[in-house]
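Reader: Could we go through the aromatic residues and then the helix packing of this model?

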Amino acid sequence: MHVMIRSKVGAEHVERSLELLREVYAELDRVRPEGLRYASYQLDDKVTFVAFAEMSGPEVLRPLEAFQRYRAALDEFCEDPPELTMLDEVGSYGFR
């Protein structure tokens, strides 16, 4: 399963979003869940974030408390709900 998640937060929520994402990555480093590759990016406008995940299924993220806090905060921080897009890999270089 490959997904892209795009979210746009209000400017007043950028710093808190970054803090929560750092907590997510700290927990991922501690827990090291099997079947997950996850990367987040902040776009040039500084309020849009894009995450790419390769996972065996959404259940991989459910036990992560920091991810659950981040996801819940997005409901408050985002102007529109996060947009999830399923991806079908055509090819890749250097990602595996």
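**Aromatic residues and helix packing**

Author: Tyr38 has a relative accessible area of 15% and is therefore buried (under 20%; exposed is over 50%, partly exposed in between, with a 1.4 Å probe and protein chains only). The model is predicted: local features need pLDDT of at least 70, side-chain atom pairs count only at pLDDT 80 or more, and totals for chains, interfaces and linings use all residues. Residues are numbered from 1 along each chain as its sequence is written, and side-chain values use heavy atoms, without hydrogens and water.

Reader: Which ring pairs with Tyr38 edge-to-face?

Author: That of Phe67, at 6.2 Å centre to centre and 90 degrees between the planes. Rings of Phe, Tyr and Trp (its six-membered ring) pair if their centres lie within 6.5 Å; planes under 30 degrees apart are stacked, over 60 edge-to-face, the rest tilted. Tyr38 lies in strand S2 and Phe67 in helix H2, 29 residues apart; helices (H or I, at least four residues) and strands (E, at least two) are DSSP runs, numbered from the N terminus.

Reader: And Tyr25, buried, exposed or partly exposed?

Author: Tyr25 is partly exposed, because its relative accessibility is 25%. Tyr25, Tyr38 and Phe67 form one aromatic cluster.

Reader: Changing topic, at what angle do H1 and H2 pack?

Author: H1 (residues 14-31) and H2 (residues 65-77) pack at about 160 degrees, with axes 8 Å apart. Axes are lines fitted to C-alpha atoms, for helices over the stretch in contact, and angles run from 0 to 180 degrees between N-to-C directions. The two helices are therefore roughly antiparallel (over 145 degrees; under 35 is roughly parallel, 65 to 115 roughly perpendicular, the rest oblique).
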